[in-house]
Amino acid sequence: MVNRPIKLSNSEPFAIGGTRMCYLHPDDQTRCIKVLRSDRTPLERRKSATGIRKFRSLRHWDDQFKEQVAYKQLITRHGASLWNHIPKFHEVVATDLGMGIVTTVFRNYDGHFPLNLDQQIPLGIDDPLRIAIDEFKQWLRSELVLTRNLLPHNIIAVRDTSDTCRLVVVDGLGNSEWIPIASWFKAVAKLKIERKISRFDERIELLKTGA
C-alpha cells in the first residue's frame, strides 16, 4: 500500500519564515512539518541570484536539504542535551506542498506558541529571559554547536513555566562555510562560535534600543 502525501494545503501555517512554512502535523499536534514556500524553491532563489552565485547548484539554495545535512551532523556529534535548544528531528515526509521535515513543536506552559526574539526583546528582557540568553550562549560554547547566523527571528523563547525560559534555534542550523573547516577543527569552531555570539549580542542590543 502506497502512503498518500500528507495534506497541508487546506490548513494555515502557524509560522512563516524567509523560505519555509510551518504546519502542525495533522496526526500529531506535538510535531510540526516544515515545507518550502512556493516562491522560495531552490530554482526560484537561484533565478534571482546575481553574478557567480547563479552557477551554484540547486542544493546550495535548498534549505530543506541543508537542514537534513545539519541534523545528521548534529545527531552524530552531540548527545540528548541537543534537544533542549534545537527541535528534535523525527522524519522526512511527503506532503501535497512538497517534501516536509517533521520536528518537535514547542509551546509555552500556557499552550501558546513562543515568541521569537525579534518579537520578545522589544517587550522587555525579564530575569528568566536574561538567564536563558546566558545559558544559551554557554551551551553553544560547551557543545560547540555550529549554526548559521544567530538571527533573532530564528530563535524562540520557550516559557516552560511562568518563571523559567530557554532559547531554541528553529532555523539556520548547520555550518555555513563553503569549506567546513570549523567542522573539522575544534579550535576553529570555538573562534567561529565566539564571532557568532558577538554578533548575536549586537543584534540583541539593537532590539533593546529599537534601532
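Me: What is the strand order of the open sheet of 3 strands?
Reply: This is a predicted model, in which local features need pLDDT of at least 70, side-chain atom pairs count only at pLDDT 80 or more, and totals for chains, interfaces and linings use all residues. Residues are numbered from 1 along each chain as its sequence is written, and side-chain values use heavy atoms, without hydrogens and water. Strands are DSSP runs (E, at least two residues) numbered from the N terminus, and two strands pair if DSSP finds at least two bridges between them. The pairing is antiparallel, and the order is 6-7-8.

Me: Which are the edge strands?
Reply: An edge strand here pairs on one side only. The two that do so are strand 6 (115–116) and strand 8.

Me: Over how many bridges do strand 7 and strand 8 pair?
Reply: Strand 7 (residues 155–161) and strand 8 (residues 164–169) are antiparallel and form a hairpin with 2 residues between them. T161 stands opposite T164, while I155 has V169 as its bridge partner. The pairing of strand 7 with strand 8 extends over 5 bridges.

Me: Which residues line the largest cavity?
Reply: A cavity is a set of points on a 1 Å grid over the protein atoms alone where a 1.4 Å probe fits but cannot get out, and lining residues have an atom within 4 Å of a point. The largest cavity holds about 30 Å³ of space, a volume being the space filled by probe spheres set on the points, which are joined across faces, edges and corners. The lining consists of L140, V145, T147, L150, I193 and K196.

How values were computed:
1 Å grid on protein atoms, 1.4 Å probe; cavity = no way out; pocket = protein on both sides within 12 Å on 5 of 7 lines; lining within 4 Å. Helix = DSSP H or I, 4+ residues; strand = E, 2+ residues; numbered from the N terminus.
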